[in-house]
Amino acid sequence: MERLGEVTKVDGKWLEITFCRPSDCDKCHACIGGSKTAVLRLEGKANVGDKALVEMPDSVVTQASLLAYMPPLFGLLIGMIAGDKLIPLENSLGGVIGAVVGLALPLGWLLMTEKKRRQNPKWTPRIIRIIHTTENESSIPQTQI
């Protein structure tokens, strides 16, 4: 997956790149709190106002999505079922307690292992091209704008 963003801040070797969300996302608002922009901080050389073409392999995006959603979902369901069976309280309170614990465990694991994933270049988006403001924008592939 490739996205074109604009360099909005330069801090030494770090670039802050702002992306407008694709029009496909306009109706959902599930991510980024409904904001129309997302900001990414990557290492590179550019000036404020330059465009940056950033790449993240589709397989990694899919893996990240599965990792973010599946363990918590399974934890919630398994915790709910186990809590209902192991803690027989009125009004399915055992299931609610189990669901909370079952959701918290995978989320805690994801948080604890996040630092390791961030250090792995496989999980890091990379800048594949900087388009300086002096370059002609017609040199940018139209599918990326």
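## Helix H2

The expected span of a helix is 1.5 Å times one less than its number of residues. In this predicted model, helix H2 covers residues 93–119 and has 27 residues. From its first C-alpha to its last, H2 reaches 40 Å, close to the 39 Å expected at 1.5 Å a residue. H2 also has a kink of about 40 degrees, centred on Thr-113.

The buried residues of H2 are Gly-94, Gly-95, Gly-98, Ala-99, Gly-102, Pro-106, Leu-110 and Arg-117. An α-helix has 3.6 residues a turn, so residues three or four places apart point the same way. The partner of these buried residues is helix H1 (58–86), against which they pack.

## Overall architecture

The secondary structure of the protein consists of two helices and five strands. Along the sequence these elements follow the pattern β-β-β-β-α-α-β.

Of the contacts in the protein with a separation of 6 or more, 64% are between residues 24 or more positions apart. The protein has 145 residues, and 23% of them count as buried. Its accessible surface is about 10100 Å², with 62% belonging to carbon and sulfur atoms.

In soluble globular proteins, nonpolar side chains tend to be buried together. Here the largest nonpolar core has nine residues: Val-7, Leu-15, Ile-17, Phe-19, Leu-42, Ala-46, Ala-52, Val-54 and Ile-130. At least two residues of this core come from each of strands E2 and E4 (51–55). The strand that gives the most is E2, with three residues.

Val-7 is one of the core residues. Leaving aside neighbours within four places in sequence, Val-7 is in contact with Leu-15, Glu-16 and Ile-17, with the run Ala-46, Asn-47, Val-48, Gly-49 and Asp-50, and with Ala-52. Among these partners, Leu-15, Ile-17, Ala-46 and Ala-52 are also listed in the core.

## Thr-18 in strand E2

Thr-18 is found in strand E2, which covers residues 14–20. The side chain of Thr-18 makes a polar contact of 3.0 Å with the side chain of Thr-8.

Not counting residues up to four places away in sequence, Thr-18 touches Gly-5, Glu-6 and Thr-8, and also Thr-37, Ala-38 and Val-39.

Conventions. Residues are numbered from 1 along each chain as its sequence is written. This is a predicted model: local features need pLDDT of at least 70, side-chain atom pairs count only at pLDDT 80 or more; totals for chains, interfaces and linings use all residues. Side-chain values use heavy atoms; hydrogens and water are left out. Helices (H or I, at least four residues) and strands (E, at least two) are DSSP runs, numbered from the N terminus. A polar contact is a pair of N or O atoms within 3.5 Å; within protein, one must be able to donate a hydrogen and the other to accept it, and residues adjacent in sequence count only if both atoms are side-chain atoms. Contact means heavy atoms within 4.5 Å. Buried means under 20% relative accessible area, exposed over 50%, partly exposed in between (1.4 Å probe, protein chains only). Accessible areas come from the Shrake-Rupley method with a 1.4 Å probe; for residues, only the protein chains shown count as cover. A nonpolar core is a set of buried Ala, Val, Leu, Ile, Met, Phe, Trp, Tyr and Cys residues joined through side-chain atoms within 4.5 Å. The bend at a residue is the angle between axes fitted to the seven residues ending there and the seven starting there.
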